[in-house]
Amino acid sequence: MLRTAASVLLLALAATASLAQAQEGPDALVKNVAEDTLSAIRADKDLQTGNPAKVKQLIESKLVPHFDTVRMTALAMGRNWRVATPEQQKQLTEQFQTLLIRTYSNALTNYRDNKMTYKPLRMNPGDTDVIVRTEVTRPGQAAVQIDYSMEKTADGWKAYDVVVAGVSLVTNYRDEFNDVIKSSGVDGLIKALADKNRDSPAK
Amino acid sequence: MNRAALPFRRAALALAGATLFAGCAAGPTKEDPLEPFNRQMYAVHQVVDGNVVKPIAEAYVKVTPELIRTGVSNFFGNLDDLFTGINNVLEGNGQQAGDDFGRVLLNSTFGILGIFDLGSMMGINKDHKDFGITFGKWGVPAGPYLFVPLFGPTTVRDGTGTLVRLFIGPIGYIPEVPLRNSIYGVGYLDARAQVLGGESVLDTAALDRYRFLRNAYLKNRQYQIDGKLPAEDDDDAASAGNGVLAPPK
C-alpha cells in the first residue's frame, strides 16, 4: 500500500517536473543550459583541456537542440536564402552548424572560467520573440553583454541569434556570406564553408 | 587594446597623418575605403605579429603564474579606469564617473598601485570608455577604417582618441626612460596576451579574418557609442528567416 502510494507520488512528481520543463521560460532555459554546460566542463578534465571530440559531443547534446540552426542559416544568408535551392539550403545549414559548433567549442575552451549573470527578462505574456540578456564577467575587465534572440517554437524556446557586445553573430556572417556569394555564388559559399570546416580543426 | 599602441606612438602618428591625405581616395566600401591598403597592412601585421609578438605573448601566458598576470592586468586596468572616468565626465555620466574614480582611488592606494582590483571585489563595476567613444557621442563620424600593424583595428576617430590618451597618459611623465619603456613594453605584452583567446575564436569563426574582424570591430564600436544594437540593415533578411521555403522573389 505504502509502496503504491510512493510510486504514484513519484510518478506525479516526474509528470510535474516534465511539465515544468515544457513550460520553461526563455530566460530560465538560457540559464539552465548555460549552467548545465559550464558545470559539465568544470567536472571534466578532458573538456577543460579542450578535447575536440568531447567538446563537440557536449555541444551537440546540450546546446544544439536549443538553437534553430535552419533559421540562423536563413538569417545569415539574408535575401540570398531565397535564391538557394532546397538542397543548397540543406547543405548550407549543415556546414554552418558545423562551423558554429567549432566556434563555440573554441569559445567555451577559452572562456570557461568566466562568470555569467542573467538580467531580468522583459516579456509580456503571449510574446513569442524575446531577447534574453546576460553578462559575462572576466576578472579585471569590463563585463561583456551577451544577448540571445529567442523564439517560441512548437519544440520550446530556441535561440536564433547571439549578440556579443553589440556584434550579432548572424549579421556578421551575413556580410561574409554576401561577399562570397557575390564573387563565387551559393555553391562557392558551400565550398568555402566546407573547406573552412575541414582545414581548421576545432581546438 | 588601446594601450597596445603605446610603444609605437611615432609610427601611429605618422600613419594617422598619412591617412588624412589618403582619406579622400575612393575605395571599395563606405566604411573601409582604404581596404586594399588596409589588407596590405594586415598582411604585414600577420608576419610580424605571428612570428614575433604572438609567440612571446603565448610564452608569457605559459610561464607566468596567473596571479602575477592578473596583477599586471590590474595595474594597467587601473590606468584604463582613470581614462574611463575622464571620458564618463566628458560624456556627462557623472554617476558612473564617480564609480570609476572611486575604483582608481581605492585600487591605487589599498590595492597597491592598482595591482589588486579591490573595487571589483567590493562590487564597484568596471566600465570601459575611451576618447574614441566620447568623440562618437559628440557626433564625430568614425572616418575610414584603419588596420594598423601591431596595434589592430581602429578608425581615424578612434585612432585619434588613442593618440590623445598617449600624449596625456601618466606613464609618459616618468622621467627615467628605461623604466618608462619597460612599462610600455609590459603593457603591450599584457594587452596582446589578453586578446589571444578572442583571436583563437576569430580564427575558427571567420571565412576571411580581415573582413570578419573589421565588421565586428565597427559594430562593437557603434554599440559602445549608441548603447543599442544597430538597426536591421537588410529588411529582406528578417522575413527570410521565417519560412525556410519562402518563395523566390
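Tutor: Two residues count as in contact when their C-beta atoms, placed from the backbone, lie within 7 Å. Keep in mind that this is a predicted model. Take A:Phe177 as a case: leaving aside residues up to four places away in sequence, A:Phe177 touches A:Ala76, A:Met77, A:Asn80 and A:Leu189.

Student: Which residues have the most contacts inside the largest nonpolar core?

Tutor: In soluble globular proteins, nonpolar side chains tend to be buried together. Here the largest nonpolar core holds 36 residues, and those with the most contacts inside it are A:Met72, A:Ala76, A:Met77, A:Phe96, A:Phe177 and A:Leu189. At least two residues of this core come from each of helix 2, helix 4 (52-62), helix 5 (69-77), helix 6 (86-110), strand 3, strand 4 and helix 7 (169-199) of chain A.

Student: Which helix of chain A gives the most to this core?

Tutor: That is helix 7 of chain A, with ten residues. There is also a second, separate core of eight residues, which includes B:Tyr42, B:Phe147, B:Val148 and B:Val156.

Student: Is A:Arg71 buried or exposed?

Tutor: The test is a count of neighbours: a residue is buried if 20 or more other C-beta atoms lie within 10 Å of its own. A:Arg71 has 23 other C-beta atoms within 10 Å, so A:Arg71 is buried. A:Arg71 is found in helix 5 of chain A. The C-alpha atom of A:Arg71 is 8.8 Å from that of A:Thr93, and the two residues are 22 residues apart along the chain.

Student: Now the sheet. In what order do the strands of chain A stand?

Tutor: To read a sheet, take the order of the strands and then the sense of their pairing. In chain A, five strands make an open sheet in the order 1-2-3-4-5, with antiparallel pairing. Strand 1 (115-118) and strand 5 (167-168) of chain A are the edge strands, each pairing on one side only.

Student: How many bridges join strand 2 and strand 3 of chain A?

Tutor: Strand 2 (residues 129-137) and strand 3 (residues 144-153) of chain A pair over eight bridges, in the antiparallel sense. Two positions show how they line up: A:Asp129 stands opposite A:Glu151 in strand 3 of chain A, and A:Ile131 stands opposite A:Ser149 in that strand. The two strands form a hairpin with six residues between them, and A:Gly140 in the turn has a positive phi of about 75 degrees.

Student: How many residues lie between strand 3 and strand 4 of chain A in their hairpin?

Tutor: There are two residues between them. Strand 3 and strand 4 of chain A pair over eight bridges in the antiparallel sense. Among the pairs, A:Lys152 has A:Trp157 of strand 4 as its bridge partner, and A:Met150 has A:Ala159.

Student: Why is strand 4 of chain A described as largely enclosed?

Tutor: Seven of the nine residues of strand 4 of chain A are buried, so the rest of the structure largely encloses this strand. One of the pairs is A:Val164 with A:Val167 in strand 5. Their hairpin has two residues between the strands, and A:Ala165 in the turn has a positive phi of about 50 degrees.

Student: Which strands does helix 2 of chain A lie across?

Tutor: Helix 2 (residues 26-42) of chain A lies across strand 1, strand 2, strand 3 and strand 4 (156-164) of chain A, at about 35 degrees to strand 2.

Student: How many helices and strands does chain B have?

Tutor: Chain B has eleven helices and two strands. Along the sequence they follow the pattern α-α-α-α-α-α-β-β-α-α-α-α-α. Of its 249 residues, 35% count as buried.

Student: How does the span of helix 7 of chain B agree with what a helix should give?

Tutor: Count 1.5 Å a residue, and the 13 residues of helix 7 (residues 156-168) of chain B should span 18 Å; the end C-alpha atoms are 19 Å apart, which agrees. The buried residues of this helix are B:Val156, B:Asp158, B:Gly159, B:Gly161, B:Thr162 and B:Arg165.

Student: Last, the contact between the chains. How many residues does each chain give?

Tutor: The size of an interface is often given as the accessible area lost when the parts come together. Here we count residues: 36 from chain B and 38 from chain A. Helix 10 of chain B (209-226) gives the most to chain B's side, with nine residues. By class, that side has twelve nonpolar, 14 polar and ten charged residues.

Conventions: Residues are numbered from 1 along each chain as its sequence is written. Chains are lettered from A and ligands numbered from 1 in the order in which they are written. This is a predicted model: local features need pLDDT of at least 70, side-chain atom pairs count only at pLDDT 80 or more; totals for chains, interfaces and linings use all residues. Two strands pair if DSSP finds at least two bridges between them. Helices (H or I, at least four residues) and strands (E, at least two) are DSSP runs, numbered from the N terminus. Axes are lines fitted to C-alpha atoms, for helices over the stretch in contact, and angles run from 0 to 180 degrees between N-to-C directions. A residue is buried if 20 or more other C-beta atoms lie within 10 Å of its own, exposed if 12 or fewer, and partly exposed in between; C-beta atoms are placed from the backbone. A nonpolar core is a set of buried Ala, Val, Leu, Ile, Met, Phe, Trp, Tyr and Cys residues joined through C-beta atoms within 7 Å. Ala, Val, Leu, Ile, Met, Phe, Trp, Tyr, Cys and Pro count as nonpolar, Asp, Glu, Lys and Arg as charged, and the others, Gly among them, as polar. The expected span of a helix is 1.5 Å times one less than its number of residues.
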